[in-house]
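Please open the model in your viewer and keep the selection panel to hand.

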Amino acid sequence: MRRAIERGIEMIFAASGMVTTVVILLIVAFLFKEGFGLFKSPAVEKGYALCVNADNPVEFISAADIKKIFNEEIEGWVPYRFDGDELSEKYEEEQFAGRLGEIIAETPKILAFIPEEYLPRNVKGVKILSGNTVIPKDFFLGKEWIPTATPAPQFGVLPLILGTLLVSLVAIFIATPLGIGVAIYLSELAQGRVRDILKPAIELLAGIPSVVYGFFGLVVLVPIVQRTFNLSVGETAFTGSIILAIMALPTIITVAEDAMRSTPRAMREASLALGATHWQTIYKVVIPYSISGISAAIVLGIGRAIGETMVVLMVTGNAAKMPSLFDAVRTIPATIAAELGEAPFGGVHYQALFVLGCVLFVITLFISITAELISKRQHNKGL
Amino acid sequence: MNIIEAQDINFYYGDFHALKNVSLNVAKNSVTAFIGPSGCGKSTFLRLLNRMNDLIPDTKLTGKCLINQEDIYAKKADVDALRKKVGMVFQKPNPFPKSIFENVAYGLRVNGIKGKDFIQNRVEESLKGAALWEEVKDKLGRSAYDLSGGQQQRLCIARALAIKPDILLMDEPASALDPISTSKIEDLIYTLKTEYTIVIVTHNMQQAARVSDTTGFFMLGELIEFSDTKKMFLNPDKEQTQNYITGRFG
Ligand SMILES: Nc1ncnc2c1ncn2[C@@H]1O[C@H](COP(=O)(O)OP(=O)(O)OP(=O)(O)O)[C@@H](O)[C@H]1O
Ligand SMILES: [Mg+2]
């Protein structure tokens, strides 16, 4: 009887473990499935197509080039944008396709942007660029993110990826030394009473919702950054980094401090009994002993920084351009949060945002794996 | 010459009076054993000799303790320097999670010794001194945790020997060991005596009788009797000592 109950409990735990794992895997699969339709979607606005003269050998034009051609930044092309009002002065609607066909056939260097319903199909001298999809190279290396541009929306995620990395890495570079410093202070140096007050206070900070931090950043930090660095606006990547660092600190401090305190007293005593000073004991025994806990603390901190949306949306100026530290930037999570609501369901923009989600997932995965490897190596080196 | 002179020492853990008016002298290059029932204050006394009790919050000490004629609890006393002079082997083996070599080299490194050859030689010498060299000479790079309990304890002894202290404090160094490892450690104490002053805590009467020159008997924080080991075991002054030694309590 007793055994049967125990077996039952074991099975419940095993099942819940399995279900959780499967659900998480399904979420990841969903993310990737929704996203990767993107690279089969046409690069031009939905409902339109591109045509060129049949003598033109070109088969593919990237979204960035399309934009340049229509902005007349590339020589040798004649951009043509469908204009219904102009055409209807002389032609009936049924004649549109025919007229467009003529125009294209007459102009060797034309690049025409035409609604699908007026496409001059099967007209001699007209070539429809049907294989013109969004390609990964443009997506990952493109430097412009303008999802609503016509004729071709620009989905270059490089500025967003770099923006995310810049803001989070600077945040971590600020938060790590501070956090570990405070953790050392709390675990090794602080008097019992100071510690008993400080530790719960810091733990409390971890629970404050991020909008509140964002609000603080906007009202207090933005003007300070603006004045200190003499900028025209204070909403910069650096401001975001500072706020993220402040937000990551409580996590880093509490996790690292717990790890350090778990160093057995016997280890500290062994070190001190050999004449090591307090500091030597801290960096030669306590830190190596708790290194995996400390790196877990940093990874959790990075996780918080990279995934954080609200705060960066509020204080970084939210401009999707190639990032620099004292300029406005935009991160991946902020982009997804700001744009998913207005992106038509299932459209290119929607898919692009899902791919952004995948990119974010891969970045965090990469960071966790790196941290894992580093802490393993540190641990082995300690031996 | 007395290397340790304890004068009228009282020690408190908070309100708890753990050592009561303890006075004793330890001669240089002798082996002193402390015996007594569990909780009587043996470890407490041992740990005040290298100021390990400083780590425990809310403790208080009165009285005087001189080592090499210097008051180790004086305001200007250098605790780190004291601990280099007074090595300690703990009740439970506590090697660092480092290699065998690094465990022994640790005390040298924290004392700023850099010479590679010097460290190498001292590590070998210390491991030989702790009768461990033959067993580990081919695997100095392996983790200390791969050693058996007895080997770990001898590693901790080697680690303490590496900085060449004047005094070696050993708190039940053989309590977790098998008879063979125990006798190895006893032999070791015998040989170490020529160079070091050894103070050992033990629950094993035979061991105290075998290795020590002088024995102290503690009970409830008091040093009941402190005399020549032979005399203590053959003809103790106090009845309590007699009872304890013959196993009537404790
Ligand atoms: N950190 C501490 N805080 C409070 N009381 C302590 C502490 N360490 C020891 N004591 C108390 O002091 C007394 C002496 O302890 P001590 O460890 O010196 O005993 P011992 O003689 O070494 O015993 P054992 O043979 O069991 O190791 C005991 O009653 C113990 O409960
Ligand atoms: Mg003890």
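Which residues surround ligand 1? In this predicted model, select ligand 1 and then B:Tyr13, B:Phe16, B:Ala18, B:Gly36, B:Ser38, B:Gly39, B:Cys40, B:Gly41, B:Lys42, B:Ser43, B:Thr44 and B:Ile56, which together surround the ligand. If you colour chain B by element, strand E2 (16-27) and helix H1 (42-49) are the ones that give two or more residues to this shell, and H1(B) gives the most, with 3 residues. Coloured by class instead, the shell around ligand 1 divides into 5 nonpolar, 6 polar and 1 charged residue.

Next, move to chain A and select its open sheet of 4 strands, which has the order E2-E3-E1-E4 and mixed pairing. At its edges lie strand E2 (78-81) and strand E4 (126-128) of chain A, each of which pairs on one side only, and the twist averages 25 degrees from one strand to the next. Zoom in on E2(A) and strand E3 (residues 110-115) of chain A, which run parallel and are joined by 4 bridges; here A:Arg81 has A:Phe113 in E3(A) as its bridge partner.

Finally, show both chains, where 17 residues of chain A are in contact with 23 residues of chain B. On the chain A side, helix H10 (265-273) and helix H11 (278-289) are the elements that give two or more residues, with the largest share, 6 residues, coming from H10(A). By class, that side of chain A has 10 nonpolar, 5 polar and 2 charged residues.

How values were computed. Residues are numbered from 1 along each chain as its sequence is written. Chains are lettered from A and ligands numbered from 1 in the order in which they are written. This is a predicted model: local features need pLDDT of at least 70, side-chain atom pairs count only at pLDDT 80 or more; totals for chains, interfaces and linings use all residues. Two residues are in contact if their C-beta atoms, placed from the backbone, lie within 7 Å. Ala, Val, Leu, Ile, Met, Phe, Trp, Tyr, Cys and Pro count as nonpolar, Asp, Glu, Lys and Arg as charged, and the others, Gly among them, as polar. A residue is near a molecule or strand if its C-beta atom, placed from the backbone, lies within 6 Å of it. Two strands pair if DSSP finds at least two bridges between them. Axes are lines fitted to C-alpha atoms, for helices over the stretch in contact, and angles run from 0 to 180 degrees between N-to-C directions.
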